[in-house]
Amino acid sequence: MNALLNWDIPFDRMERLDLSGMEVQAVEKEGVRAWRLLFTQRPRDRAKAGPAVQGARPWPMEATEGLYRAEGLPPLALGEGRVRFGGLTLSLWGLPHLEALPLLRLLSDGVPYPLLALRFPLGAAHYYGLGERTGGLARRGGRFWNFTMDQPPRPGRDPLYLASPLLVRLEGDEALGLLLDESHPSLFDLGHAHPAEGRVAVASPHLDFYVLSGSLLEVVRGLTLLTGRPAMPPLWALGYHQCRYSYADSQAVREVVEAFKAHDLPLEAVWLDIHHMEGYKVFTLSPHRFPDFRALSEELAGEGVRLVPIVDPGVKVEEGYRVFEEGKRRGVFLLDDRDELLVGGVWPRRAVWPDFSREGPRAFWAEEVRRFAEENGFAGIWNDMNEPAVLELGGAESPDKALPLTARQGEKSHLEARNLYALGMAEATYQGLAALGRRPFILTRSGFPGIQRYAFVWTGDNESRHEDMALSVPMLLSLGLSGVPFAGADVGGFGQDATPELLLRWTWLGALYPFFRNHSALGTRRQEPYAFGEAWTSRMREALRFRYRLLPYLYSLAREAHEEGLPLWRPLFAYWPGEMAAFREDEFLLGEGLLAAPLLHQGEGVREVYLPPGTWWDFWAGCRVAGPALEQALGPLPLYLKEGAAIPLTEPTYPTRTARWPRLGFRVALGPAIRGRVYEDEGEGFAPGAWSELKGAFDGKRLVLAFEDRSGHPREGVWAEVLGVAPPVKGQGVLYREGRLLLDLGPGEAFAEWA
Ligand code: MIG
């Protein structure tokens with residue numbers, strides 16, 4: 001373990017700092033406003049920008065006697081050594097420099113950084129965010145590092161692959177976001193050292209942070225605007241993905257594709273893990289394993305199946321290897337503190353790492369990505385080991401699998417730039433893929449706030465256990481609250497052997513993951529959805545087909561994430577912060593209208609479901625439940641529609657083509673006001689799309705629905721479907737069969753009446 005993460009920060013020996021060095025600014029970005037506070041000790045840091053926040057402009061403000069006001073922003077007070085904003089009162093602390101020195105040597109091999117900290121009473125609030133963590137959604141009582149590390153998500157482990165110095169505080173129905181815009185390693189102690197106090201420490205010469213307030217989802221929306229909106233994914237990214245470490249040759253890839261076809265299972269992409277390379281050289285293909293690569297990729301393209309290769313950042317040191325030679329010539333690689341190429345061991349025994357903090361290396365990488373994807377017909381790129389993870393340094397195991405923190409990255413040390421490594425790599429990869437004229441699709445393991453601008457995130461090396469599946473629920477919720485809406489865990493589990501029961505449950509849960517990919521490790525039992533015989537395969541097929549039925553809804557939520565930064569998965573307390581029972585981590589909302597209560601435990605055939613206040617409709621059975629209530633539910637995936645929700649569905653067809661659904665069916669949950677919408681476009685490229693809207697009302701007797709179709713494309717049919725109602729006595733465009741009421745919205749409007 002690196003000295004850094006063992007390090008007990010001596011908060012008790014810190015001194016309070018004078019706030020006169022603190023600059024306050026109101027900032028605005030696309031309608032979102034926040035306060036920025038910047039504490040600097042060196043004049044040159046006053047012009048500091050980023051690394052996460054981009055494009056926020058100063059907003060007019062007034063300051064009188066420590067009181068800062070700006071239109072549309074709650075006031076901020078600065079005085080008596082404290083900053084007050086909303087319910088939060090912060091003070092600023094520092095470690096006297098002399099005292100800090102020995103510790104700092106430990107921390108960073110002598111890089112002379114002071115240590116700054118914020119302290120605040122925790123009060124009665126709840127705390128969330130901080131990205132990818134194990135242990136659950138609630139952060140109170142814990143201690144969390146931001147230091148990207150190749151560490152699999154096991155209980156008690158921290159930090160993991162992704163760094164996210166972004167905290168959300170919720171008190172009653174008022175939320176507050178605190179974004180520490182510093183890439184240096186930081187620690188968030190939320191009542192671990194002292195039960196009543198929050199402490200944020202950062203080993204940096206400056207302390208730059210933003211605060212904003214609103215409802216929980218408004219705060220998330222604001223934080224994602226400051227750090228950048230999530231990229232709009234191509235439709236196929238939301239379909240089903242099959243991966244394994246590794247499908248190691250053309251034959252293996254063809255077998256998988258054939259098997260999916262033979263079993264009538266949907267498949268968007270087959271993923272190529274590290275064995276596709278020649279000698280672990282990135283941007284190469286093994287001519288022995290894939291002698292006919294172009295033919296393979298064209299053949300697959302004909303079947304609508306894409307290929308996504310892994311691209312690790314470690315570049316093999318080998319004379320004559322173009323990427324290495326050219327990169328060296330252009331000075332793109334990280335240097336050690338003596339200005340020599342920094343060499344370490346990863347899959348290639350000797351490798352060097354591009355410095356993605358600089359523009360030149362990013363442009364170099366973008367060009368490699370573009371060429372590699374174009375020549376081989378790759379649809380997206382998978383970035384792994386981008387913490388970056390290093391297995392060996394100078395003949396020994398490297399501490400925390402990290403590069404030396406004194407390594408040079410342009411003007412910065414690796415200590416300062418490490419947390420941003422994956423962000424820079426994703427930016428370069430995005431540029432490379434965008435040059436092909438399609439919507440880039442990137443999957444990354446590491447990241448920092450802002451990563452959502454370029455990539456989906458997966459939670460790394462979990463294991464085939466029910467506990468790991470259950471853990472994925474709070475992990476994905478937390479990523480969503482931290483601004484990363486597109487995320488998934490390896491379905492079926494990466495390490496260890498999956499059982500068919502586990503795989504089936506996980507495949508149903510995965511059908512709701514923003515990113516749905518089955519992946520498993522070298523040497524584990526095969527776990528493709530057809531791996532356990534026909535009886536299981538047909539049950540897996542149901543889950544996969546359900547995913548495809550849900551695509552119009554998921555795609556519309558993806559658009560909402562892109563436009564507003566809202567996560568696809570939302571905790572119940574985002575809407576019912578006043579309900580104690582809503583603070584749970586085994587249920588979630590997909591969008592606003594669909595509540596999921598997955599079966600997460602081994603052998604579990606029935607589970608208890610908490611339904612928040614209001615009326616809920618069982619998605620499958622159509623019966624109605626009045627909340628708040630505890631319900632018993634049966635598998636495979638208990639789902640409930642919120643009163644008034646209208647969820648766009650389609651018939652499962654695969655592989656996906658465009659995000660225009662000629663046959664569209666809204667599943668409607670009766671309620672006084674009914675609302676639903678669907679976003680449609682090419683599913684690819686950059687041409688504008690359109691939102692079409694369903695609106696309606698139900699007064700207990702009469703249901704009226706109107707559909708405003710703005711898609712501009714021909715439909716074969718638009719229907720609304722209502723379950724669990726008696727046959728109506730009157731209506732227009734209605735059809736009733738076995739408890740199902742169908743309303744034909746083709747003409748634009750329909751109604752039904754009951755006696
Ligand atoms: O464990 O490339 O998290 O998904 O299959 C070694 C091999 C490195 C870690 C990734 C995993 C991937 C594997 N990689």
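UniProt positions here follow the numbering used for this chain, with feature names shortened, and such annotations may be inferred rather than shown by experiment. With that in mind, hello everyone, and let's begin with what the record says. An unreviewed UniProt entry places "domain: Glycoside hydrolase family 31 N-terminal" at residues 119-189.

Before going on, a word on the ground rules. This is a predicted model, where local features need pLDDT of at least 70 and side-chain atom pairs count only at pLDDT 80 or more, while totals for chains, interfaces and linings use all residues. Residues are numbered from 1 along each chain as its sequence is written, and side-chain values use heavy atoms, leaving out hydrogens and water.

Back to that first span. Helices (H or I, at least four residues) and strands (E, at least two) are DSSP runs, numbered from the N terminus. The unreviewed entry in UniProt also lists "domain: Glycosyl hydrolase family 31 C-terminal" at residues 565-647. That span is 0% helix and 46% strand, with its end C-alpha atoms 20 Å apart.

Which residues are closest to the ligand? They are D273, D384, R445, D461 and H519, from a surrounding set of 13; a residue is counted as near if one of its heavy atoms lies within 4 Å. By class, that shell holds 8 nonpolar, 1 polar and 4 charged residues. Here Ala, Val, Leu, Ile, Met, Phe, Trp, Tyr, Cys and Pro count as nonpolar, Asp, Glu, Lys and Arg as charged, and the others, Gly among them, as polar.

For polar contacts, we take pairs of N or O atoms within 3.5 Å. D384 places a polar side-chain atom 2.7 Å from a ligand nitrogen. D461 has a polar side-chain atom 2.5 Å from a ligand oxygen, and for H519 an N or O atom of the side chain is 2.9 Å from an oxygen of the ligand. Taken alone, the ligand exposes 350 Å², and the protein buries 92% of that; these areas come from the Shrake-Rupley method with a 1.4 Å probe.

Let's move to some strands. Two strands pair if DSSP finds at least two bridges between them. Strand β8 (residues 82-85) is antiparallel to β7 (residues 73-79), with 4 bridges, and G79 stands opposite R82. The two make a hairpin with 2 residues between them, where E80 in the turn has a positive phi of about 50°. On to β9 (residues 88-94): β8 runs antiparallel to β9 over 4 bridges, with F85 opposite L88. Again there is a hairpin with 2 residues between the strands, and G86 in the turn has a positive phi of about 55°.

In a regular strand, side chains alternate between the two faces of the sheet. In β8, V83 and F85 are on the covered face, and R82 and R84 are on the uncovered one.

Finally, is β47 (residues 749-753) largely enclosed or open? It is largely enclosed by the rest of the structure, because 4 of its 5 residues are buried, where buried means under 20% relative accessible area, exposed over 50%, and partly exposed in between (1.4 Å probe, protein chains only). β47 pairs antiparallel with β42 (residues 702-708) over 5 bridges, V704 standing opposite F751. β44 (residues 730-732) also pairs with β47 in the antiparallel sense, over 3 bridges, and K730 has E753 as its bridge partner.

Note on methods: Polar contact = N/O pair within 3.5 Å; in protein donor to acceptor, adjacent residues only side chain to side chain.
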